[in-house]
Structure formats: structure tokens, C-alpha cells
Amino acid sequence: MAGLMSCLPLADGSMNLKKYFVRALHRLQKGPGYTYKELLVWYCDNTNTHGPKRIIKEGPKKKLIWFFLTLLFASLVFWQWGILINTYLSYNVTSSLSIGFKTMKFPAVTVCNANPFKYSEVKHLLRELDRLIEAALERILQPAPGNSSENTSPPLDLGLWHQIPLVLIDEHDKDNPVILDIFESNQTALGNQTAGGNQTAAGNQTAAGNQTAAGNQTAGDNQTAAGNQTAAGNQTAGGNQTAAGNQTAAGNQTAAPPAPANATSEEKKYKLAVKLCSHQGSNNCTYRNFTSAAQAVTEWYILQSTSILSKVPLHERIRMGYQAEDMILACLYGAEPCNYKNFTQIYHPDHGNCYIFNWGMDEEALNSSNPGAEFGLKLILDISQQDYIPYLSSAAGARLMLHQQKSFPFLKDQGIYAMAGTETSIGVLVDELERMGYPYSDCTMNGSDVPVKNLYSQYNTSYSIQACLRSCFQNHMIEICGCGHYMFPLPEGVNYCNNEDNPGWAYCYSSLRSSIRHRQICIDSCKETCNDTQYKMTISMADWPSEASEDWIFHILSYERDMSTNVTLDRNGIIKLNIYFQEYNYRTISESAATTIVWLLSSLGGQFGFWMGGSVLCLIEFGEIIIDSLWITVINVISWCKGLKQKRVQARYPDAPPTVSELVEAHTNLGFQHEDTGALPGDEALPPEPGTPPPNYDSLRVQPLDVLGPDSDAETE
């Protein structure tokens, strides 16, 4: 019974649906009840919108005027609606600034040494590189005769030099600049080689043990060899013989001829450049020019040291860096003492060992109890400036950065320097940024919707756009150059670039770094984070320690570090830091939608009411007439199709159908035949048309009761 009752609603629903379709079929068969004109007149007479009523009720002239006005204002309404909808779909935002006051979490503080490694630990790896750069500087700086140390030192290993050489570009003739290699056994002024457009080397000059400065040399009409000096005859330069002014040529190596020391700035037409080739001995080279030799030497040294250090295992690089117990001499957070054990160590490719206070990885982040310098973080650092790598780190000090917990510190972009011999106070203000996500802005909550694999996730850090951009560049570097750059993390199965395994990596890296197309790909792929916290810093400095107190301070610090009474520290290696909240007021910059759906509906209704005096019900009325018009159209189309079908049937059977009497006669009289008045001679006989058979009149006769058989219905009762 329960099953039967559950089926009743379904049966009722199906019956109602059937009745609806039957009525619709009857409506279609009946045809339209009224025309388009009648429907339009009815709408104009009954609508609540101003204007249409006047069109059908006024005189001819006013009808025309009201028709024009109604059409004009309707067009204005649709135009305004288009503007409003387009404004809403542009998803503009407005920014609001609010200021609050609360107890805030102290930021994570990362401190590093500006020098990544102790020179005493890496000197054996950089020994040949340092000898090369020292010899190159002697040639660049034009030493006086007899001051060169090459006669007593072992011969230079130029294999490392030829991989990424430094060259001098002589621009006395701007149309044909000459490229001179600082170390070139058989120096050629690169006769047919072009360097960077118009940098064409000229001449066939050779330099060997017994160098011939002229003889086979062709220097053009008035062209001078070796600076502004003209060499002639069969002059030779070998051993310790001085060639080209004060320049010495030692052994079989010829120094490049820079301008004389007393030359004016107009005469100094030489520039230093780094030569990068796709592979050693290739003519596919590029030259990175520098306005200062100091910049060129630093860039060259970084490229060479990167190749060397990339082959050193990570644990060895960590060992060669500055250790926490040597670098962090004193620590105080508020009223609580701390030490190097409260810092988390990470390896940063630019700065070696870095140490993070309050990173919030293993334990809860610290809260600041009060604003002010007395409730912040106080540090005393030893940067050991006397152990700096001379050609790698030209700046001395500590590199530090304030950032969010669980975010990777990108000190090269957002860090600041603290100078040695000073007390640096940093007052912090907090700005919280809250961006709206899609479709209002292209930001991401956690980087899961970014198509770039985050290589910094191995540090268990959160997403940031800096991490995304560097990961994107490293992925392109691996894809194009076949190896990864030393400054960025590596995915599994990939090695860092070096000169031995990847001879053309520096050329590939330089081309990729200057490629606008690859840079734009990374910018388009990476997204800003929707929620971010920025720390605004106010920095002040003072000499520390003062002259009156430096004796006892250095004595105590030296004793605490080395357990010795000998003073081993001075103001060139000591830094004091004070980091604190300047105030507890924090600013929140949040985004909100400039246009909402409520604004859109109210604006659409306002425009419609102003120009047409309408409302939502008027729109429903207009929708109703549209539906009625479509329904009339459907009925007309179906009626037209039925009429067309009947015409086709009449064309196939042109004769009129037989009457009922004719059909009865044909059934009772077998000899009766219907006359085909329209049949033509020779046409094939059509099949007989079906009709209703005549009634069986014998069945209507009344029979006597005794005639009924035993199987009749009367007996069965």
C-alpha cells in the first residue's frame, strides 16, 4: 500500500504534464488567436512604461512625436546600461587605509655577513684565480719597469683565463675599435673578427718570445701600434724588454697596451670588457662593456668563482662560511638574554651562512610586549673583516632583513647594510596589505595556481613573487643551458654550471639574463601574494664604541670570544644592532570592490526610471510580450508547415474521396466500381482507399429464445 501511495504523486504529475502538452497541441492545431499588431496594441495599452500609451491614443502628429521620443529614450537607457555593465565587469577596486593598535608578532630577522666565505678557508680553491687577477691588474694599471712579480712567480695557468677572458677595447678609431686580450701568447688584433657590431679588430700583429712589433705588421696609413707609439723596422720585444712606453712584456706574454699614465681623459679611449663565447675558440661571442675597470674585475671574478665554488659540496661551503658562535657575540631580546642557539642557520648563495631570529619554523613566533628600543632585539656581531675575499666582496658590513615568519629572505633585493664600527638602530612600522583575488586582481593565496614550480619549497617556506621569479629563471636556465646557476636552488637530477662541464654557460647565462622575452614570460607567469606584511624601517647610526669606552669594550668582547686577555677585536669588525617596534599602531591597506551587484542593479533601475519611468515590472511586461511573440511565431510556422503538407497530399491524390454511400455499395455489391473521373488512359490503377465497412444488419435481427444455444450469455448467468 505504501508503494502504491508513493506512486500516486508521480502519476498525478505525469497526468498534468500530459494535459499540458495536449492543450499545447490543440493550441497549435487551432492556430494563433491574434496577430502581432493586436499583441503590440494590447501591450502599449496595458504597459506601465511611459510613452507607449501615447503612441496609440494620440493624433497622427503626436503619435509620430511620441514614437520618436520613446525610441530616443529607450536608446539612451540601453546605452547607459551598456556603460554600467562594462564598468561592473571591469572589476575595479578601491583601497582603504585603516589604523589599528594591538600586540604584534616580532618579525623574523635575518643577519648575514657581506662576505660569504672566510678567505682563509677558500684560499686554496681561489689561488690560481687570484694570481690571474693580480697579473691582469698589473697590466691594466701599467706598472713601472722592474715592478712586475711575474719573473719570480710560477707561470700563470691561462687555461682558466681563456674560458672567460678580460679584454681591452681600443676606441681611438670609433669606426674600427681594436680588441686586445690582456693575456695572449700569440696576440692577434683580431683582424677579421667583429665584436658587438662595429667593434672590428684590425691588423695581424703577433707577440711571441722574440716578438716582432712591426715588420709583418700592417697598421694602415696613420694607424699606430701599442697605444700612440709607432713600431717600425724589425724591433723585437722579449725577456724583460720594455715595449710600448712603460709596458713590460715578460716571457712569452705580451701585455695589452693601454694609454699612458699621464694621458688626458680624451686620450684614454680604452674600455675593459668581459668576453663571453658560446664555447672556447668560437667566433660566436659577446662583450660586456663596463665604464669602470673595478666593475669589470668584480663581475669577471664573480663568474669565475661561481664556476669554482659550484663544484664544492654544500656541507663544505657551510663549513667555509662564518659560524654562528663566531659571528654572534651578544644577544638580548627585551629583558631576556639569548645567544646563537636561538638562531636558525640557512645557506644563502650570495652571503654564505645566514642566521634567522624568530623564524617561526619549529616554535611559535615571539610577541613584542611593548614598543620602544628597550623591548626589541639587541645584537653585537663580529664580521671579521680581515678575513674577507679581496676581489669578491668590495663592501664590508652585515646584511640584514626583516621579513615574515616562514618566508625565505631575499637579502639582495630587500636587505640593508649595517656598517662596521657603528650602532645601528632600526625602528619598525608594520603595513598589512590585503588584496582581493580573482577577478579583481591576479594575485594568489599560496602559489598553488602558479604554473612555475617553486624551487624554494625545499626550505619549507611560503610562496613569494621573488621565489617564483628566481625559480622561473632557473627553470629556463636548465632548459636552455643544460645546467643550473649557482645562485638559485636546483631541482633533482640537475648540476650547477661550471667551466669544465659547461664551457659556454656564462655566455648562455648572460644572453638569458638580458633576454626581454624570457623575463616577460616569468613576469606573466608569477603572481603577487594576496596577503602580505611589509616592514617600514627608520634607520639611524652612531659610532660605536666611543673613543672613551672602546678599550674596555674590546677587551671584554675579545675575552668572551677567545677566553684570552689579548685584544683581537677592533671597530673595523664590530657591529651593534637595535631592532624594535617604533609604535604599536599598524596600518592595514585593504582592497574592496568598487562596483557590486547592488550598485549595478540600483544604477540600472535609476537610469530606467529616469528616462522611461519604468520599473522591474515593466521589464517583466516586456519579457511577456517577447514570449507571446515567439509563441505566435511558432504557431504560424507549424500552421504553415501543415498547409504545405496538405497541398502536397492534394497534388498526389487530385480526386475527391468517395462518399459513405459509395463505400457501402462497393462493400455489398461486388460488381460496383467507383468511377475515376480524373483518371487518364494509360495510368496505373491506384490502390483502393480505406473506408469504414458497412454494418452487419443480420446482427440486429431478434431471434427466438429457443434458437439460442447453450453457450449464450443468458445461460451463464
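Helix α16 comprises residues 597-612, helices being DSSP runs of H or I with at least four residues, numbered from the N terminus. At 1.5 Å a residue, its 16 residues should span 22 Å, and the end C-alpha atoms are 22 Å apart, which agrees; the expected span is 1.5 Å times one less than the number of residues. This is a predicted model, in which local features need pLDDT of at least 70 and side-chain atom pairs count only at pLDDT 80 or more, while totals for chains, interfaces and linings use all residues. Residues are numbered from 1 along each chain as its sequence is written, and side-chain values use heavy atoms, with hydrogens and water left out.

Within α16, the residues Leu600, Ser603, Leu604, Phe608 and Met612 are buried (under 20% relative accessible area, with exposed meaning over 50% and partly exposed in between; 1.4 Å probe, protein chains only). They cover an arc of only 125° around the axis, which puts them on the same side of α16; the arc is that of the directions from the helix axis to the C-beta atoms. Val598 and Phe610 are exposed and lie on the face turned away from that buried side. Just after the helix, Gly613 adopts a positive phi of about 65°.

Another helix, α8, spans residues 293-309 and contains Glu299. Glu299 counts as buried because its relative accessibility is 17%. Apart from neighbours within four places in sequence, Glu299 is in contact with Arg288, Phe290 and Arg513, contact meaning heavy atoms within 4.5 Å.

Phe21 belongs to helix α1, residues 2-30.

Notes. Helices (H or I, at least four residues) and strands (E, at least two) are DSSP runs, numbered from the N terminus.
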